[in-house]
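I opened this notebook to record what I looked up in one protein model. The entries follow the order in which I consulted the structure.

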Amino acid sequence: MEKFITGFHSIEEKVRAGKNQSNLKIYYNKAGPRVKKILEEAGKAGIKCTQVEDKQLNDMVKNLDKTLQDHRGIVMKIENTSVQESNLVDFNAWIKAHKSDGKATVVILDRVTDPHNVGAIIRSCDQFGASLVVIPEHNSASDIAGNEVIGRTSAGASAWVPVAVVNNLVRVTEQLKEAGFWIYGADAGGETLGKIDFPAKTCIIMGSEGTGIGQLLEKQCDTIVSIPTCGKIDSLNVSVAAGVLLYELYRRQN
């Protein structure tokens with residue numbers, strides 16, 4: 001199988017992460033300054049680049065989401081997509097390897113189904129040093145490797161931030177607790193963010209904008225935390241809320 005990627009940020013990060021991967025190909029039309037920079041880095045990484053007509057680029061992206069069809073003169077093709085993306089990890093292996101870590105931040109996304117939100121959260125995780133994002137296999141935007149809306153919204157961060165797709169989030173929180181993590185659920189009715197003293201090993205759970213965190217998962221939380229606001233509407237977008245929490249956690253720990 002094959003897939004196509006558009007967007008300067010997404011292609012640049014795939015180039016940076018794709019050294020010695022023969023399954024990556026770049027097709028371009030006019031080499032403007034930004035495209036030239038990508039082509040230069042791709043050449044260093046051994047990625048083949050081919051100049052084609054604009055019509056060929058349009059044909060490559062015609063089946064993508066409309067927001068991804070604006071290729072701006074460059075498209076990356078990934079052949080043999082059965083090859084696992086470098087950022088996908090096995091949670092059991094990850095937790096075993098990181099049990100002795102003195103500091104780590106894990107973000108769990110419970111039923112966050114909009115890939116734009118998932119991509120934006122992953123971008124914040126990259127910027128504020130989260131160690132892992134955990135996503136359930138069902139009732140979520142879990143196709144990280146194949147979803148280019150996530151890749152483009154994350155500005156390429158989805159190529160770098162470790163992501164684990166799991167069957168059971170409750171079991172994941174139990175394993176995190178066993179490894180010394182404290183679990184914080186984000187909800188408007190919780191303890192005010194300013195009163196929370198986050199420990200070095202913290203897990204933040206972000207729930208669906210419609211229904212919040214599932215009941216069984218909420219019972220696993222040590223504390224429910226809320227972000228104080230002063231607006232006329234009742235809540236923040238889930239990706240914005242995640243960014244605020246991650247920034248505050250990063251600020252205090254650094």
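The entries below go from the whole chain to its sheets, helices and cores.

**Entry 1. Basis.** I note that this is a predicted model, in which local features need pLDDT of at least 70 and side-chain atom pairs count only at pLDDT 80 or more, whereas totals for chains, interfaces and linings use all residues. Residues are numbered from 1 along each chain as its sequence is written, and side-chain values use heavy atoms, with hydrogens and water left out.

**Entry 2. Whole chain.** I listed nine helices and 10 strands in the protein chain; these are DSSP runs, with helices being H or I of at least four residues and strands E of at least two, numbered from the N terminus. Of the 254 residues, 49% are buried, where buried means under 20% relative accessible area, exposed over 50% and partly exposed in between, with a 1.4 Å probe and protein chains only. Among contacts with a separation of 6 or more, 78% join residues 24 or more positions apart; contact means heavy atoms within 4.5 Å.

**Entry 3. The four-stranded sheet.** I traced an open sheet of four strands in the order E1-E4-E2-E3, with mixed pairing. Two strands pair if DSSP finds at least two bridges between them. Strand E1 (2-5) and strand E3 (48-51) are the edge strands, each pairing on one side only. Neighbouring strands of this sheet are turned by 25 degrees against each other on average, direction ignored; axes are lines fitted to C-alpha atoms, for helices over the stretch in contact, and angles run from 0 to 180 degrees between N-to-C directions.

I then followed the partners of E4. Strand E2 (residues 24-28) runs antiparallel to strand E4 (residues 74-79), and five bridges join them. Lys 25 stands opposite Lys 77 in E4, and Tyr 28 has Ile 74 of E4 as its bridge partner. E1 and E4 also pair in the antiparallel sense, over four bridges, with Ile 5 opposite Met 76 in E4. Five of the six residues of E4 are buried, so E4 is largely enclosed by the rest of the structure.

**Entry 4. Helices H1 and H2.** Helix H1 (residues 8-17) lies across E1, E2 and E4 and runs at about 45 degrees to E4. Helix H2 (residues 33-44) lies across E2, E3 and E4, at about 150 degrees to E2. The axes of H1 and H2 come within 9 Å and cross at roughly 15 degrees. H1 and H2 are therefore roughly parallel to each other; angles under 35 degrees count as roughly parallel, over 145 as roughly antiparallel, 65 to 115 as roughly perpendicular and the rest as oblique. Their crossing is left-handed, a term used if the near helix is turned anticlockwise from the far one by less than a right angle, with clockwise being right-handed. In this contact H1 uses Phe 8, His 9, Ile 11, Glu 12 and Val 15, and H2 uses Arg 34, Val 35, Ile 38, Glu 41 and Ala 42.

**Entry 5. The six-stranded sheet.** I found six strands in an open sheet with parallel pairing, in the order E7-E6-E5-E9-E8-E10. Strand E7 (163-166) and strand E10 (223-226) stand at the edges with a single partner strand each, so one side of each is left without a neighbour in the sheet. Neighbouring strands here are turned by 30 degrees against each other on average, direction ignored.

E6 and E7 pair in the parallel sense over four bridges, and Val 166 in E7 is the bridge partner of Pro 136. Helix H4 (residues 91-98) lies across E5, E6, E7 and E9, running at about 150 degrees to E6. H9 also packs on the sheet, touching E5, E8, E9 and E10, and its direction makes about 170 degrees with that of E9.

**Entry 6. Glu 137.** Glu 137 lies in the loop between strand E6 (132-136) and helix H6 (148-153). Its relative accessible area is 38%, so Glu 137 is partly exposed. The C-alpha atoms of Glu 137 and Val 166 are separated by 5.5 Å, although these residues are 29 apart along the chain.

**Entry 7. Cores.** Which residues of the largest nonpolar core touch the most other members? Of its 27 residues, they are Val 107, Leu 109, Ile 121, Cys 125, Val 133, Met 206 and Leu 245. A nonpolar core is a set of buried Ala, Val, Leu, Ile, Met, Phe, Trp, Tyr and Cys residues joined through side-chain atoms within 4.5 Å. The largest share, six residues, comes from H9. Apart from this core lies another, of 22 residues, among them Val 106, Ile 183, Cys 203 and Ile 205.
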